[in-house]
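I shall speak briefly about charged pairs, then about the nonpolar residues.

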Amino acid sequence: MRDISGRWWKVRKRFGIAAPRVAVHSPIPWYLRWIGVALLLGISAASAAWIYDAGRRYAGFDQSEVADELATTKRDLATAQAELDRLRAAANAAERRLSIERTAQQKLAQQIRVLEQENAHVKEELATFESMLASEPRSGSVLTIYRFTVEQDVLPGEYRYHLLLVTPRARREREFHGRLELVISLTGGGQNAMMTFPEPGDASAAEFRLAFKYFRRVEGTFRVNPKARVENVQVRVYETGSNQPRATHTVSL
């Protein structure tokens, strides 16, 4: 009996709570274990990528085909951009040519208007000369005023005048020297007034001086108060050294 109790006590001492601690050591070094774990993870990742790629190919999605299509799309986009740039350059060049042509047409139209005006003046002078030739020969020293017209200009209160001076046949061998004077009768504010051009001390008085032998076409402008109304304009031609006009002519507006 004592023998059984002694054996039981040994068993409890060997496997019970009072048994000595046992440490289990792996025969594989720690760095080999980490290498194995890394290899296992790499194999798992490669397997997952292969499975994913196989699944996409099975579903009809191939990355290489998508890359080719993307490259083709980029090339098409570059080609379309180059074509767009070429068309824009052509459009800009056409716009510049159109602007140049439009400017040339405007200048040509302006030149045509100027030529038409000059042609009208030439026709008027030709008609005047024809009437002069058809008239009876003149004698004496009377200066003649033809085609005296006055019309309102663009600016308010501004008027433009035209006239043609012709020397008499009896003195066409001598040059005529003199000056031109305009006398304007106008009304404004219920009152009558008169203005004379050129005014004393006017810087443009030189424009009213005359020096010609056979005939002289004269044109110019004068300005009055825009609120005044011009009733009539009289032109007077003075010869140098004389205070009496050699010729006068009046037009009513």
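This is a predicted model: local features need pLDDT of at least 70, side-chain atom pairs count only at pLDDT 80 or more; totals for chains, interfaces and linings use all residues.

Let me begin with R229, which is partly exposed at a relative accessible area of 46%. R229 forms a salt bridge with E231, and the closest N and O atoms lie 2.6 Å apart. E231 is likewise partly exposed, with a relative accessible area of 28%. Salt bridges with shared partners also join R179, E181 and R236 into one network.

Is E181 buried or exposed? E181 has a relative accessible area of 13%, under the 20% limit, and therefore counts as buried. R236, at 25%, is partly exposed.

Another salt bridge joins the side chains of R160 and D153, at 3.5 Å from N to O. R160 is partly exposed at 30%, and D153 is partly exposed at 23%. The count of salt bridges comes to six.

I turn now to the nonpolar residues. The largest nonpolar core has 27 residues, and those touching the most other members are F148, Y161, L163, L180, L182, F222 and V233. Strand 3 contributes the most to this core, with five residues. Beyond its sequence neighbours within four places, L163 contacts residues including I145, F148, L180, V218 and V235.

At the surface, I35, L39 and I43 form a nonpolar patch with about 310 Å² of accessible area together. I35 lies in helix 2, residues 30-58, and is partly exposed at 46%.

How values were computed. Residues are numbered from 1 along each chain as its sequence is written. Side-chain values use heavy atoms; hydrogens and water are left out. A nonpolar core is a set of buried Ala, Val, Leu, Ile, Met, Phe, Trp, Tyr and Cys residues joined through side-chain atoms within 4.5 Å. Buried means under 20% relative accessible area, exposed over 50%, partly exposed in between (1.4 Å probe, protein chains only). Helices (H or I, at least four residues) and strands (E, at least two) are DSSP runs, numbered from the N terminus. Contact means heavy atoms within 4.5 Å. Patches are made of residues with over 30% relative accessible area and no salt bridge: like charges are joined within 9 Å, nonpolar side chains (Val, Leu, Ile, Met, Phe, Trp, Tyr) within 5 Å. Accessible areas come from the Shrake-Rupley method with a 1.4 Å probe; for residues, only the protein chains shown count as cover. A salt bridge is a side-chain nitrogen of Lys or Arg within 4 Å of a carboxyl oxygen of Asp or Glu.
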